[in-house]
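Subject: Structure for you to look through

Hello,

Here is the structure I said I would pass on. Please open it beside this email and follow along.

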Amino acid sequence: MSKVKYFYDSETLSYKKIERRKGRKLGIILLSILSSFLAGFILLVIYLNIPQIETPQEKALKRELQNMKLQYGLLNKKMDQIQDVLANVEDRDNNIYRLYFEANPIPEEQRKAGFGGINRYKDLEGFDNSKLIIQTSKRMDILTKQLVVQSKSLDEIAELAKEKESLLAAIPAIQPVKNEDLKKIASGYGWRTDPFTKVKKFHYGMDFSAPRGTPVYATGDGRIKRADNRSTGYGNHIRIDHGYGYTSLYGHLYKYNVRPGQRVKRGDVIGFVGSTGRSEAPHLHYEIFKDDDRINPINFYYGNLSPEEFDQILEKAQQENQSLD
């Protein structure tokens with residue numbers, strides 16, 4: 001119950017009751033609300049402008065977050081550098097290595113392929129820096145895949161290099177008789193006069209005229225396929241299987257320096273010039289087969305002849321003279 005207040009009226013010499021005005025009461029209420037609002041606003045402004053006090057744990061987490069952003073930035077820069085180096089290796093791989101070894105280039109879409117299917121990065125969503133983390137993770141995964149593709153490609157190139165090295169060593173690439181031991185190039189590949197019938201006959205090899213007993217050299221790496229006299233016309237002869245479809249034949253030998261099944265290297269002495277079989281004089285009859293077809297041996301002397309020497313032997317081999325067998 002509210003207190004009743006009185007005042008003394010000196011004119012009537014009596015106490016009278018003080019009546020409260022309704023408008024005044026409402027004004028006091030509004031003034032109180034406004035004062036409270038103003039005080040709250042002032043406190044809010046003060047709070048926002050005063051530096052907040054961080055706990056040690058909050059400070060540690062803040063430093064860790066800043067360090068993480070810095071590390072992710074550095075990681076992305078390193079990935080940029082790795083990407084540039086890898087792009088250079090990929091370019092050389094496609095346009096030099098694979099081209100040289102006659103291998104198909106790796107398509108760009110295969111090298112740069114991403115990852116389909118399920119969301120691999122769902123666990124990284126929902127954080128303040130999820131975008132940065134997911135983007136970096138995607139780059140790392142794609143870069144890793146590119147490195148795997150390139151590594152497999154280089155493994156393939158290494159195998160092709162080994163095969164290429166074996167092929168280059170196997171191809172018959174030198175003269176079977178040294179120039180200093182030759183009397184002359186008696187006959188080349190093509191139509192020649194038969195020394196016995198005196199009629200034109202296709203001569204499938206080259207005749208190297210040399211003294212009896214002159215060393216005969218293997219023209220490429222391979223395995224001795226035959227060393228016998230059981231082939232009509234060739235007398236004592238040797239056949240070397242070089243692999244890759246190549247076979248070389250050495251006919252009219254005086255004697256052998258190898259046996260069937262033996263492995264030989266280019267430049268090994270395999271026999272000696274003679275005149276056995278269908279032969280008019282001591283000489284070496286030399287043939288090359290590719291996939292069982294006879295081909296011109298003149299195209300395979302790049303291994304030990306200078307350009308000038310090759311021109312000379314080419315000129316002599318093209319002369320339509322009489323063969324020695």
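Accessible areas come from the Shrake-Rupley method with a 1.4 Å probe, and for residues only the protein chains shown count as cover. On that basis the protein chain has an accessible surface of about 21,600 Å², and 55% of this belongs to carbon and sulfur atoms.

Two notes on the source. This is a predicted model, in which local features need pLDDT of at least 70 and side-chain atom pairs count only at pLDDT 80 or more, while totals for chains, interfaces and linings use all residues. Residues are numbered from 1 along each chain as its sequence is written, and side-chain values use heavy atoms, with hydrogens and water left out.

The overall picture

The protein chain contains five helices and 15 strands. These are DSSP runs numbered from the N terminus: helices are H or I with at least four residues, strands are E with at least two. Of the 325 residues in the chain, 32% are buried. Buried means under 20% relative accessible area, exposed means over 50%, and partly exposed lies in between (1.4 Å probe, protein chains only).

The core

In soluble globular proteins, nonpolar side chains tend to be buried together. A nonpolar core here is a set of buried Ala, Val, Leu, Ile, Met, Phe, Trp, Tyr and Cys residues joined through side-chain atoms within 4.5 Å. The largest one has 25 residues, and Phe208, Ile238, Ile240, Tyr250, Ile270 and Leu284 touch the most other members. Strands that each supply at least two residues include β6 (206–209), β9 (237–243) and β14 (283–290). The largest share, three residues, comes from β14.

Aromatic pairs

Rings of Phe, Tyr and Trp (its six-membered ring) pair if their centres lie within 6.5 Å; planes under 30 degrees apart count as stacked, over 60 as edge-to-face and the rest as tilted. There are two aromatic pairs by this rule. Phenylalanine 202 and tyrosine 204 form a tilted pair, 4.8 Å centre to centre with 50° between the planes. Phenylalanine 202 is partly exposed at 24% relative accessible area, and tyrosine 204 is partly exposed at 35%. The ring centres of tyrosine 250 and tyrosine 286 are 5.3 Å apart and their planes are at 45°, so this pair is tilted. Tyrosine 250 is in strand β10 and tyrosine 286 in strand β14, 36 residues apart, so the pair links distant parts of the chain. Both tyrosine 250 and tyrosine 286 are buried.

Regards
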